[in-house]
Amino acid sequence: MSVPASAEKYLEVQRSEEFAQLRHRLRRYIFPTTVAFIVWYALYVLLSAYARDFMAVKLIGNVNVALVFGLLQFVSTFLIAWHYSRYAAKELDPLADDLHATLENGAVETAATTTDGGKA
């Protein structure tokens with residue numbers, strides 16, 4: 001079964017070292033950030049369920065620890081989104097733009113390409 005020429009270009013990009021680098025940089029950011037946020041959220045839920053006395057401590061007026069933790073969930077979400085947009089602009093977008101330009105212009109050098117220019 002033959003692959004259409006346009007699909008073959010995308011497969012070449014997928015096999016390229018540049019695409020592997022792009023995936024590596026994305027995963028290096030996404031996985032630790034996701035784990036950190038899930039732990040942070042789970043801490044909030046667990047404290048709300050099992051440390052009611054601690055969460056009920058009033059800090060200022062009727063503002064208690066639970067309310068502050070809840071608001072910090074929103075703050076951390078926005079901070080992660082802001083930081084990711086900066087990271088993507090600096091680390092991911094240039095690689096993605098290069099891959100896109102390479103795809104539009106033609107040949108992609110893949111990791112499976114041999115020194116004589118033939119496919120392995």
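**Starting from serine 76**

Serine 76 lies in helix 4. Keep in mind as we go that this is a predicted model. Is serine 76 buried or exposed? Its relative accessible area is 15%, and buried means under 20%, so serine 76 is buried.

What does serine 76 touch, if we leave aside its neighbours within four places in sequence? The contacts are Phe37 and Trp40. With tryptophan 40 there is also a polar contact, side chain to side chain, at 3.1 Å.

Tryptophan 40 sits in helix 2, which covers residues 17-50, while phenylalanine 69 is in helix 4; the two are 29 residues apart, and the pair links distant parts of the chain.

The two partners fall into separate classes of accessibility. Tryptophan 40 has 22% relative accessibility and counts as partly exposed. Phenylalanine 69 has 15% and counts as buried.

Phenylalanine 69 also pairs with phenylalanine 54: the ring centres are 6.5 Å apart and the planes are at 90°, so this pair is edge-to-face. It too links distant parts of the chain, with phenylalanine 54 in helix 3, residues 52-55, and phenylalanine 69 in helix 4, 15 residues apart. Phenylalanine 54 is partly exposed, at 41% relative accessibility.

Elsewhere, Tyr29, Tyr84 and Tyr87 form one aromatic cluster.

Now to the surface. Phenylalanine 54 belongs to a nonpolar patch there, together with Val57, Leu59, Ile60, Val63, Leu67, Leu71, Phe74 and Phe78. Together these residues have about 920 Å² of accessible area. Which elements give two or more residues to the patch? They are strand 1, residues 58-60, and helix 4, residues 65-105. Helix 4 provides the largest share, four residues.

Leucine 71, a member of the patch, has a relative accessible area of 49% and is partly exposed. Leucine 95, at 14%, counts as buried.

What is leucine 95 in contact with, again leaving aside neighbours within four places in sequence? The list is Gln21, Leu22 and Arg25. Arginine 25 is 70 residues away from leucine 95 along the chain, yet their C-alpha atoms are separated by 9.8 Å.

Last, the chain as a whole. There are four helices and two strands, and from the N terminus on they run α-α-α-β-β-α. Of the contacts with a separation of 6 or more, 64% are between residues 24 or more positions apart. Buried residues make up 18% of the 120 residues; serine 76, phenylalanine 69 and leucine 95 are among the buried ones. The accessible surface comes to about 8,900 Å², and 65% of that belongs to carbon and sulfur atoms.

That is the end of the tour. Thank you.

Key: Residues numbered from 1 in each chain as written. Predicted model: local features only at pLDDT ≥ 70, side-chain atom pairs only at ≥ 80, totals over all residues. Heavy atoms only, no water. Patch = residues over 30% accessible without salt bridge, like charges linked within 9 Å, V, L, I, M, F, W, Y side chains within 5 Å. Areas by Shrake-Rupley, 256 points an atom, 1.4 Å probe, with all protein chains shown as cover. Salt bridge = Lys/Arg side-chain N within 4 Å of Asp/Glu carboxyl O. Buried < 20%, exposed > 50% of the residue type's maximum accessible area, 1.4 Å probe, protein only. Contact = heavy atoms within 4.5 Å. Phe/Tyr/Trp six-rings, centres within 6.5 Å; stacked < 30°, edge-to-face > 60°. Polar contact = N/O pair within 3.5 Å; in protein donor to acceptor, adjacent residues only side chain to side chain.
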